[in-house]
Amino acid sequence: MIAMNKFRIGILGATGVVGQRFIQLLEDHPQFEITALAASDRSQGKSFAEACTWRLPGDMPERLKQIIVQRPAPPLDCDLVFSSLPGDIARESEEEFARAGYPVISNSSPHRMGVDVPLLIPEVNADHVALIDVQRKNRGFGRGFIVTNPNCSAIVIVMALAPLHAEFGVSSCVVTTMQALSGAGYPGVASLDATDNVIPFIGGEEEKIEAETLKLLGRFQNDVIAEPDMTVSAQCNRVNVSDGHMASIRVKLERAASIDDIRAALASFTSEPQHLKLHSAPERPIIVRSENDRPQPRLDRDSGGGMSVTVGRLTPDNVLDYRFVALGHNTIRGAAGAAILNAELLAARGYLRR
Ligand code: NAP
């Protein structure tokens, strides 16, 4: 039985790496309950138990086993959808759901840079939700809309940059990522490519980080996002780690700041999700560690239930002003957890209806 006071959720791409994370994180969620699951034609018409090989610790939730997997197209028996479809499928499917009146909370990339689509990190740019009204007007949507969360590395990087940009102004940022295998979905990178190896290429990733960072840190004014005057340069590597994206970040600041100022800005950072006490909001969005060998994926990716970003190795830099290393869980803060936090913010702001 579905609790009357909960929003009914459909998951698009439910059988995938991110889809399974959605399912895990939504079990026992106080506001959301899964009522529909969709995936490719390989899975459609099968029960979820038949269609999905469960790859997270623990078991597939019993209640979902008998749900029949459907096509990712409206109508679905739900109030809103979370989407983790592959990019090429997501563009059309998400637009179709929004047009049919469903809020679409997406983690896929095709709509992220749309001028009327919020690219949201609730701690960083909660005011960008106002783009929903612009989008509805532009596209003739009724109750539906599309809201996206960023690329899984961009979110980790921008969480760390946001408090520094707010206090000192970041004028340049150079980033090198070391990204986990689960970021490529399942089965992802072939084991013979991944083992004993680092692959210095992830298609489209560098461009996404460079573009999304500017949109995320932009100001919402006169119905558009005005990007900051900042240069961002990214290089991305796939490394032999299961979960957890790491980024080495160097920044140049507009205003002078001591290393203690930087550490305090990062460690004391809290924002609207913490003030609103949203269910998935970590108490501390950024955890600053002082040990000289942290953060590490295995030790730090689950901090704050996978929703905190851990920063360490903070030190002055000889070329730019400061450098540090940031780490976050790519399928939680970088994907499913990010989308769920977005939905919690939208619920608090009255954008969701049962
Ligand atoms: P994945 O493990 O490959 O899962 C893909 C999902 O989409 C599966 O449920 C699959 O269903 C479904 N699907 C595939 N082709 C389809 C089609 N033609 N029509 C309908 N459904 C189809 O991928 P993932 O890692 O979960 O990533 C999903 C999306 O999230 C991608 O856009 C990715 O860029 C984004 N993302 C991923 C991460 C991450 O860390 N993995 C982070 C942020 C964003 P079947 O099982 O039936 O094939």
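Student: Is Asp-223 buried, exposed or partly exposed?

Tutor: In this predicted model, the relative accessibility of Asp-223 is 40%, so the residue counts as partly exposed, because the partly exposed class lies between under 20% for buried and over 50% for exposed. Asp-223 sits in the loop between β8 (219-221) and β9 (224-226).

Student: What is the phi of Asp-223?

Tutor: Most residues other than glycine have a negative phi, and most peptide bonds are trans. Asp-223 has a phi near 70 degrees, a positive value in a residue other than glycine. Asp-28 also has a positive phi, near 65 degrees. Asp-28 belongs to the loop between α1 and β2 (32-38), and its relative accessibility of 71% makes it exposed.

Student: Which residues are joined by a cis peptide bond?

Tutor: Pro-75 is located in the loop between α2 (48-51) and β3 (80-83). Another cis bond links Tyr-186 and Pro-187, again with omega about 0 degrees. The loop between β6 (170-179) and α7 (191-194) contains Pro-187.

Student: How is the protein divided into domains?

Tutor: The domain assignment gives domain 1 (7-151 + 336-348) and domain 2 (152-329). Their C-alpha centres are 24 Å apart. The contact takes 33 residues from domain 1 and 39 residues from domain 2.

Student: What distances separate polar side-chain atoms from oxygen atoms of the ligand?

Tutor: For Thr-15, a polar side-chain atom is 2.5 Å from a ligand oxygen atom. The corresponding distance is 2.7 Å for Ser-40 and 2.4 Å for Ser-43. Taken alone, the ligand exposes 900 Å², of which the protein buries 80%.

Student: Is Glu-123 buried or exposed?

Tutor: Glu-123 counts as buried, because its relative accessibility is 3% and the buried class lies under 20%. Glu-123 is placed in helix α4 (residues 122-125). Its side chain forms a polar contact of 3.1 Å with the side chain of Gln-274. Not counting residues up to four places away in sequence, Glu-123 touches several residues, including Met-159, Phe-269, Arg-333 and Leu-341.

Student: Is Glu-205 buried or exposed, and which residue does its side chain join in a polar contact?

Tutor: Glu-205 is buried, with a relative accessible area of 6%, and lies in helix α8 (residues 205-216). A polar contact of 2.9 Å connects the side chains of Glu-205 and Asn-151. Leaving aside neighbours within four places in sequence, Glu-205 is in contact with Asn-151, Cys-152, Ser-153, Gln-179 and Cys-236.

Student: How far apart are Glu-205 and Gly-304 in sequence and in space?

Tutor: Glu-205 and Gly-304 are separated by 99 residues in sequence and by 26 Å in space, C-alpha to C-alpha.

Notes. Residues numbered from 1 in each chain as written. Heavy atoms only, no water. Helix = DSSP H or I, 4+ residues; strand = E, 2+ residues; numbered from the N terminus. Buried < 20%, exposed > 50% of the residue type's maximum accessible area, 1.4 Å probe, protein only. Contact = heavy atoms within 4.5 Å. Polar contact = N/O pair within 3.5 Å; in protein donor to acceptor, adjacent residues only side chain to side chain. Areas by Shrake-Rupley, 256 points an atom, 1.4 Å probe, with all protein chains shown as cover. Domains from an automatic or database assignment.
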